[in-house]
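Colleague: I'd like to learn how to read strands, sheets and cavities off a model. Could you walk me through it?

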Amino acid sequence: MSRTVRIGGACGFWGDSATATPQLLAVPGLEYLVYDYLAETTMAILSRARAKSPELGYAADFVQAAMAPHLRAILAQGVRVVSNAGGLNPQACRDALAAIAAQQGLSPRIAIVTGDDLLPRFEALRAAGVRDLATGEAPPAQLGSANAYVGARGIAQALAMGADIVITGRCVDSAVVLGVLAHEFGWAWEGGAQDWDRLAAGTLAGHVIECGAQATGGLFTDWREVPDWAHIGYPVIDVAADGTFVLSKPEGTGGLVHPGAVAEQVLYEIGDPASYLMPDVTCDFRQVRVEAGAPGTVRVSGARGRPPTATYKANGTYRDGFQLQLMMAIRGIDAADKARRTADALLQRTREQMAAQGWGDYAETCVELLGAESHYGPHARALPTREVVLRIAVRHPEREALQLLQRECSSAGTSMGPGTRSTFAGRQDVQPVVKVFSFLVAKPEVALQVALGDARQDVPCPPLGPEQAAVPLPPLPASTPARRTVEVPLVALAWARSGDKGDDENIGVIARRPEYLPVLVAALTPERVRGYFAHLVRGEVRRYELPGLNALNFVLGGALSGGGVCSLRSDPLGKSYAQMLLDLPVTVPAQLLGSCANPSE
């Protein structure tokens with residue numbers, strides 16, 4: 001039997017469950033634990049933390065919750081660890097972990113990969129004419145952070161130097177797995193088609209487990225089938241030398257290893273599946289296959305790769321005014337109408353007060369009635385609810401202007417609708433708005449280095465192309481009109497998952513059965529999806545086809561009102577969009593579903 005590498009995905013974001021590490025350490029033959037902590041929101045948080053203290057700026061949970069209680073067991077079992085928990089300050093993360101280890105009488109070999117931090121030389125990039133990827137605008141006057149999304153080569157190099165634990169700054173999420181695999185199997189970083197295919201397959205392996213339990217039933221469309229959420233298992237992958245892998249979870253844990261759940265994760269936030277741009281390789285996931293294997297396992301194969309681009313994507317964070325988010329409970333007859341009137345009154349009152357003090361209007365406002373389907377827009381159902389949560393979010397250049405609404409909100413409990421609780425947990429704080437500036441930087445401009453003890457090694461610059469276009473695939477066939485049809489919600493035919501790509505929204509839709517795919521192709525046109533989300537989407541909708549997964553992937557431009565840390569919506573990361581789309585009525589040939597209700601001629 002050919003050799004495989006066994007890796008446990010122990011963390012999908014900063015704040016993930018602390019239960020993952022001990023359950024994965026109980027997996028026989030585990031060789032690596034990988035932890036992914038970083039996202040644009042996280043980088044903004046770390047930027048604020050580092051501004052307060054130069055000793056901060058890393059994911060403290062990695063040191064305190066993941067490593068400290070389990071470090072002795074990790075080292076005793078010979079399990080190696082890779083994490084991007086270093087954030088904006090890998091050195092401080094390493095030092096904090098080393099101090100914890102010393103207190104326990106341990107001395108792990110901890111390597112750090114640095115060089116992704118572009119802030120010290122950002123003025124040179126500004127002078128060279130760097131522009132925002134989405135808007136073409138020049139960068140703001142001052143950034144709080146600026147980091148390139150680097151690849152996995154430094155991680156592989158650190159492991160080759162003998163590191164027990166590798167801590168990086170802002171590498172891409174999947175790099176924590178790809179670096180392990182490139183080290184273990186000796187994959188080449190540039191060369192022929194086979195090399196690119198392996199790197200793409202390793203990237204896919206990392207992508208599938210980078211969000212932790214999302215690959216093992218978390219967020220699965222068929223959530224009722226997923227047992228024991230309280231003890232959900234985290235993913236384990238056994239990866240072969242060609243990059244194909246088998247996914248499972250620890251014995252005795254909750255969750256569900258299911259081809260549909262894994263397919264949802266493959267599509268998660270990938271944009272164009274023919275050109276999923278990573279620092280080390282351009283991935284083509286259109287022919288990826290997800291197949292049930294032995295009980296409790298799923299096999300994933302079929303990734304293809306091409307040379308990467310000559311640039312890294314980079315993100316900067318900066319402050320842009322202030323925001324305030326308030327919530328109040330409103331109960332009783334016609335609760336939704338009371339809530340709308342309350343919001344109108346509070347905004348009118350504070351606008352008048354701001355004008356009286358010489359401040360301009362709000363830069364942006366967002367009013368949502370949670371419990372009354374306000375996010376569904378024209379697709380909301382008329383509900384006879386007697387209880388809603390009124391959410392008001394506002395933005396203004398001046399902190400003091402928002403303090404007016406902060407104060408006036410309390411008055412709603414005594415001067416506006418009956419049955420109003422004006423606050424949930426006291427007066428809410430005014431927060432600074434942290435926005436993201438995305439740009440490209442040439443790879444030779446980013447000098448990476450690995451440090452392990454007194455040893456220092458430069459990381460060779462990644463290959464610079466030449467870039468290759470994806471090979472076109474024949475379009476998927478659409479179903480033709482049938483004499484007898486039935487209308488069903490999309491969820492009867494498909495699984496779906498959604499997430500953000502900056503201000504864009506990504507929705508992956510997978511046919512439950514291959515014969516349903518032509519129906520989805522016919523029904524889910526870009527125009528129809530754009531129309532369904534017209535109340536939320538400002539830009540165009542693009543559709544991509546994945547015949548290997550019997551799936552479609554949609555990218556909705558300008559769908560998140562700024563997205564991430566700078567959106568006022570209650571779902572700034574677009575996690576609910578797939579759930580809304582799954583209610584879309586779809587016309588299906590009656591014979592495809594067998595017996596049907598309400599057939600139409």
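**Reading the sheets and cavities**

Modeller: Strand β25 (residues 551-556) pairs with β24 in the antiparallel sense, over six bridges. This is a predicted model, where local features need pLDDT of at least 70, side-chain atom pairs count only at pLDDT 80 or more, and totals for chains, interfaces and linings use all residues. Residues are numbered from 1 along each chain as its sequence is written, and side-chain values use heavy atoms, with hydrogens and water left out.

Colleague: What makes two strands pair?

Modeller: DSSP has to find at least two bridges between them. The elements themselves are DSSP runs numbered from the N terminus: helices are H or I with at least four residues, strands are E with at least two.

Colleague: In what order do the four strands of the open sheet with β24 come?

Modeller: The order is β22-β23-β25-β24, with antiparallel pairing. β22 (494-501) and β24 (541-546) have a single partner strand each, so one side of each is left without a neighbour in the sheet. Direction ignored, neighbouring strands of this sheet are turned by 15 degrees against each other on average; axes here are lines fitted to C-alpha atoms, for helices over the stretch in contact, and angles run from 0 to 180 degrees between N-to-C directions.

Colleague: Which strands make up the open sheet of three?

Modeller: That one runs β9-β10-β13, again with antiparallel pairing. Its edge strands are β9 (276-277) and β13 (304-306), each pairing on one side only. Three bridges join β10 (residues 282-284) to β13, and C283 has G305 in β13 as its bridge partner. Helix α9 (residues 193-209) packs on the sheet and touches β9, β10 and β13, its direction making about 120 degrees with that of β13. Contact means heavy atoms within 4.5 Å.

Colleague: And a hairpin? Which residue takes a positive phi in the one made by β11 and β12?

Modeller: G296 does, near 80 degrees, in a hairpin with five residues between the strands. Strand β11 (residues 289-292) pairs with β12 over four bridges in the antiparallel sense, and A292 stands opposite V298. Strand β12 (residues 298-301) is also joined by three bridges to β8 (residues 245-248), running antiparallel.

Colleague: Now cavities. How is one found?

Modeller: On a 1 Å grid over the protein atoms alone, a cavity is a set of points where a 1.4 Å probe fits but cannot get out, and lining residues have an atom within 4 Å of a point. Grid points are joined across faces, edges and corners, and the volume is the space filled by probe spheres set on the points. This structure holds three cavities of 30 Å³ or more.

Colleague: How much space lies in the largest cavity, and what lines it?

Modeller: About 80 Å³. There are 15 lining residues, with G151, A152, R153, G154 and L448 nearest the centre. Helix α7 (residues 153-160) gives the most to that lining, with three residues. By class the lining has ten nonpolar, three polar and two charged residues, where Ala, Val, Leu, Ile, Met, Phe, Trp, Tyr, Cys and Pro count as nonpolar, Asp, Glu, Lys and Arg as charged, and the others, Gly among them, as polar.

Colleague: What volume does the second largest cavity have?

Modeller: About 40 Å³. Its lining consists of E40, M43, S145, N147, Y149, R170, N315 and T317, which split into two nonpolar, four polar and two charged residues.

Notes:
1 Å grid on protein atoms, 1.4 Å probe; cavity = no way out; pocket = protein on both sides within 12 Å on 5 of 7 lines; lining within 4 Å.
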